[in-house]
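Hello,

Here is the structure I promised to pass on to you.

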Amino acid sequence: MLSPSCTVQAIPVAPGIAVGRVMRVGGTPRELPEPVVLAPEMALPEMARFNSALDKTRIELCALRDELREKLADSEAGIFDAHILLLEDEMLLAEVRKGIQQDHYSAEYAVYATIEKFYAVFGTVNDEYLRERAADLRDVGNRIMDNLSGVDVAKIAYNEPRIIIASNLTPSETVGLERDFVLGFATETGSATSHTAILARSLKLPAVVGIPKDILDRLTIADKLIIDGFSGKVIVNPDRRTEEAYLLKRSEEMRFYSELTEERDLPPETLDGFQLQLAVNLDADQDYDEVHQVGAYGVGLFRTEFLFMSPDSLPDEEHQYEIYKNLLVSAGNQPVTIRTIDIGGDKLNSTIQRSTEQNPFLGLRGIRLCLLEQQKLFATQLRALLRAGVYGDLRVMLPMVSSIFELRDTKKIIADLQEELASENIPFVQNLKLGIMIETPVAAVIARKFAPEVDFFSIGTNDLIQYTMAVDRSNERVAYLYRPTHPAILHLIRNTVEAAKEYNLYVSVCGQMAESTMYTPLLLGLGVNELSMPTASVPVQRRLIRSLNLIDCENLVEQALQCCNANEVMELTRELVAGCAPEMLEH
């Protein structure tokens, strides 16, 4: 029986339009292992079973990686390199061994308990990226448990190309989809930063997440969906006219994005000759090839906090040095901006943080935590960065700076480390480019005090808006107040840029404002030098920038600063974009 026709709003994670009948994947609850205590003499055979399952899992993941490498680029195949590394993680393995050898649990339960322990650290934070890495951990754990239990994953029986629906899709399941029989997918959970979403984009499969469970549960193989991976709209059992309209839109979108791909080597330059650099945000498990693929210029934000989120141990100097060095070598002459440890707020780690705070967003986070409680850990990271800096154009960025003393204390640590490295005859970068994130109102207001002592500013608009508007952006009840176009935000950005210009400093923007085309005319008019964003946003931003005149954007800012509220500013911006690049509103 067909479900009633309806339209729901989901979250778009991979562009494109899919029209077709559905095929459900998964949905059968996994049988969780019981915490049965075995006889002590069973520990040895259980360890043998675990090691055998580990080996089999490694072989399977290597095969998946190699298969993906034949289909796509090394960066996507690297997702399974990250999964393989989890199988070699000494903390994970030690915890499983302890469960088997000391607690005398079965291998299945020892694996399950270990995965859930680590998942608890990452899976409950507000940070979307860390939650998705927790999902990867579970994917690997489930594969090990399947191999322990001898469970074979059932193949999907396709009878025609279908839209895959599921509560969730793991990277393994996504890669296992037969591309010729899959039109796209829609899931209840997931996010744009998940490896599954990254794979969907690479496989050019339209995808949305956030489908309401009640809608998902009543869909059958007889139902037809339209998935709009651009807007996130999902239409259940559309009428004929709607379906024809979306098929036409799909054709137009394919043409538009094909054109954008062909423009990857064009400079992001306005019609009157101003070039706004487009950089990429990267995480520790992403490959630099992603920067080249979209024609971006360097890394505007490399997040290091994921390296420090293990519940049991922290990366040493050598481990960090190799990661930073490899990134800089891959970048060649292009700049790489690495943010130092930004633990705190919604990125929590009980190993690093000594106490629970009532309001962690206003507490000991970022540079405060590094200087007041974790100076040794901070020094280890800075030492690794100084050593790696000889391999490329390194820029080091300090988060959550709100005091000139925080900057000076950091510079003193760097100077001491340079003396130490020199005495040990270890090569290091002599003139480290050091900058601060402008993400608190106080930093924006006194930017002229910071400017003489740094090499660049990077405006973190997410926190700057949150702190200026006194709004927790993850709180749905007050989310309506989180408005990037509020005149107060524009004044703070302008003050920062003007201070930077007085001292010939480079200004980057690395928050969500940088990835949305609706804010680009404002940021251009305010005078920033660079926007740093997810790779998927680069082609669209390049097209828009090449359609604008800097003088028009500057005039827009002058009008916007006279406005009373965010809505007025947004309307002015939409008018400008509609006049210069109407296709941006359509797509």
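Below is what I found, going from the whole protein to single residues.

First, some ground rules. This is a predicted model, in which local features need pLDDT of at least 70 and side-chain atom pairs count only at pLDDT 80 or more, while totals for chains, interfaces and linings use all residues. Residues are numbered from 1 along each chain as its sequence is written, and side-chain values use heavy atoms, with hydrogens and water left out.

**The whole protein**

The secondary structure comes to 23 helices and 16 strands; these are DSSP runs numbered from the N terminus, with helices being H or I of at least four residues and strands E of at least two. Of the 587 residues, 55% count as buried (under 20% relative accessible area, with exposed over 50% and partly exposed in between, using a 1.4 Å probe and protein chains only). Among contacts (heavy atoms within 4.5 Å) with a separation of 6 or more, 71% are between residues 24 or more positions apart.

Five of the five residues of β11 are buried, so the strand is largely enclosed by the rest of the structure. In a regular strand, side chains alternate between the two faces of the sheet. Here both faces are covered: Pro335, Thr337 and Arg339 are buried on one side, and Val336 and Ile338 on the other.

Two strands pair if DSSP finds at least two bridges between them. β11 pairs with β10 (residues 299–303) in the parallel sense over three bridges, and Arg303 has Arg339 as its bridge partner. β11 also runs parallel to β12 (residues 393–398), with five bridges joining them; there Arg339 stands opposite Met397.

Thr340 lies in the loop between β11 (335–339) and α12 (367–372). Its relative accessibility is 0%, so Thr340 counts as buried. Beyond its neighbours within four places in sequence, Thr340 is in contact with several residues, including Thr304, Phe378, Met397 and Pro399.

**Rings and charges**

There are three aromatic pairs (rings of Phe, Tyr and Trp, the last by its six-membered ring, with centres within 6.5 Å; planes under 30 degrees apart are stacked, over 60 edge-to-face and the rest tilted). The rings of Tyr105 and Tyr109 are edge-to-face, because their centres are 4.8 Å apart and their planes are at 65°. Tyr105 is partly exposed at 24% relative accessible area, whereas Tyr109 is buried at 17%. Ring pairs link these two and Tyr112 into a cluster.

Two arginines sit over rings (NZ of Lys or CZ of Arg within 6 Å of the ring centre and within 35 degrees of the ring normal). Arg387 lies over the face of Tyr321, 4.0 Å from the ring centre, and the charged end of Arg395 is over the ring of Tyr506, 5.2 Å from its centre.

**Helix α1**

Glu60 is in helix α1 (residues 43–71) and is partly exposed, at 23% relative accessibility. Not counting residues up to four places away in sequence, Glu60 touches Arg143 and Asn147.

Enjoy exploring!
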